[in-house]
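Subject: Structure handover and findings

Hello,

Here is the structure I promised to pass on. My notes follow below it.

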Amino acid sequence: MIFTGSDILSVEQFDRSDIEHIFQVADAMAPYALRRRVTRVLEGAILGNMFFEPSTRTRISFGCAFNLLGGEVRETTGFESSAIAKGESLYDTARVLSGFSDVICMRHPQEGSVAEFAAASRVPVLNGGDGANEHPSQALLDLYTIRKELASKDRGIDGLRIALIGDLKYGRTVHSLCKLLRHFKNVQVTLVSPAELAMPENIVEEMRSVGHNVVVTEDLTQSISNVDIAYSTRIQEERFASKEEADMYRGRFRLNQSIYTQYCEPNTVIMHPLPRDSRADANELDNDLNQNPNLAIFRQADNGVLVRMALFALVLDVVDQVDKCARDVNWYNSARTL
Ligand code: NCD
């Protein structure tokens, strides 16, 4: 695809070479994310960061990625602090805010809303999550993490064995990740969820149509016993009709160190898009996994900055200028690693 000036709304936009290109650019962002070098390549540029649903990681990570490239961030969070609460349409909001910004990131509870906004925007729009539909930057950072974790074992993404666990119906991160996995060969995907929260059938069919082996089950321990990656997700309670309905599923699939030791192959990587629900009745990934070196959840979040820097650099067409606008940092640099 041509990245320059493009919206990033869905992972359907990418083919395998696009994905590899994004990852290559993300790798090159490491000195900046690690604070060894500073670049001012986006000096003067403004990101409009608009998050109409709760977010910690995605919002801050998009903002930090833009700052690390030298740009400024203007932000609005929640409907109540925006004119949408006064009845303003997405069209008008997009026309106005795109006059103030060079690029916009947006999260919104309605499926398709970010695309609607992008159609009216005068600058590129990146989807930070639209309802239960898609979360392209998260899926890219998840796949980038999978690639990195497997590379340390001399493996690639082709031939991957992965279990996706939890709310696969409303979880937009796993929808986007499954769509990305179609571009790789021989992937074995085990979908572990309550039957009512199963992965949408069209996404399962699309994976099967490229030859992937997709198993659908409600059995956690069996499904994590022969995978490279166990990817857990949160019950997306904000998408249920009532909290009581969501509560019926909370805590159904819990992973802790003793289950890990008993059932997983050595060095199975544990992932989660975060936030993990650590309340006692959910406890998706127990805190006793925190010392497990295969718990990759915080490496995922770190990798998100690299991938989002890459997306900005590509969309704003500055990839070749990043290093030319750089110098060493002035300040004491703690021993940060990725
Ligand atoms: C996810 C999301 O918002 O879809 N969070 C994130 O962006 N890392 C997953 C979730 O909220 O459960």
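First, a term: a salt bridge here is a side-chain nitrogen of Lys or Arg within 4 Å of a carboxyl oxygen of Asp or Glu. Please keep in mind that this is a predicted model, where local features need pLDDT of at least 70, side-chain atom pairs count only at pLDDT 80 or more, and totals for chains, interfaces and linings use all residues. Residues are numbered from 1 along each chain as its sequence is written, and side-chain values use heavy atoms, with hydrogens and water left out.

Salt bridges

The whole structure holds 24 salt bridges. Here are some of them.

Arginine 16 and aspartate 158 form one, with 3.0 Å from N to O. This pair links distant parts of the chain, 142 residues apart. Arginine 16 is in helix α1 (residues 16-28). Aspartate 158 is in the loop between α6 (136-151) and β6 (161-165). Helices (H or I, at least four residues) and strands (E, at least two) are DSSP runs, numbered from the N terminus.

Next, how covered are the two partners? Arginine 16 is partly exposed at 25%. Aspartate 158 is partly exposed too, at 31%.

Arginine 299 pairs with glutamate 149 in another salt bridge, and their closest N and O atoms are 2.7 Å apart. Arginine 299 is partly exposed, at 29% relative accessibility. Glutamate 149 is buried, at 10%.

A further salt bridge joins the side chains of arginine 182 and glutamate 206, at 3.1 Å from N to O. Arginine 182 lies in the loop between α7 (172-181) and β7 (188-192), and glutamate 206 in helix α8 (residues 201-209), so this pair ties together parts 24 residues apart in sequence. Glutamate 206 is partly exposed, with 25% relative accessibility.

There is also a network. Salt bridges with shared partners join Glu237, Lys243, Asp247, Arg250, Asp277, Arg279 and Asp281.

The ligand

Which residues surround the ligand? They are Thr58, Arg107, His135, Gln138, Arg172, Thr173, Arg234, Gln236, Pro273, Leu274 and Pro275. To count as near, a residue needs a heavy atom within 4 Å of the molecule.

Several polar contacts can be listed. A polar contact is a pair of N or O atoms within 3.5 Å; within protein, one must be able to donate a hydrogen and the other to accept it, and residues adjacent in sequence count only if both atoms are side-chain atoms.

- Histidine 135: a polar side-chain atom lies 2.8 Å from a ligand oxygen.
- Arginine 172: a polar side-chain atom lies 2.7 Å from a ligand oxygen.
- Leucine 274: a polar backbone atom is 3.0 Å from a ligand nitrogen.

Taken alone, the ligand exposes 320 Å², and the protein buries 94% of that. Accessible areas come from the Shrake-Rupley method with a 1.4 Å probe; for residues, only the protein chains shown count as cover.

The ligand sits in the largest pocket. A pocket is found on a 1 Å grid over the protein atoms alone, as an open set of points with protein on both sides within 12 Å along at least five of seven lines. A molecule sits in a pocket if more than half of its atoms lie within 2 Å of its grid points.

Helix α7

Among the buried residues are Arg172 and Thr173.

Backbone points to check by eye

Leucine 274 and proline 275 are joined by a cis peptide bond, with omega about 5°. Proline 275 lies in the loop between β10 (269-271) and α12.

Aspartate 154 has a positive phi of about 60°, although it is not a glycine. It is found in the loop between α6 and β6. Aspartate 154 is exposed, at 76% relative accessibility.

Aspartate 317 also has a positive phi, near 60°. It is in the loop between α12 and β11 (326-328). Aspartate 317 is partly exposed, at 48%.

Best wishes

Conventions:
Buried means under 20% relative accessible area, exposed over 50%, partly exposed in between (1.4 Å probe, protein chains only). On a 1 Å grid over the protein atoms alone, a cavity is a set of points where a 1.4 Å probe fits but cannot get out, and a pocket is an open set with protein on both sides within 12 Å along at least five of seven lines; lining residues have an atom within 4 Å of a point.
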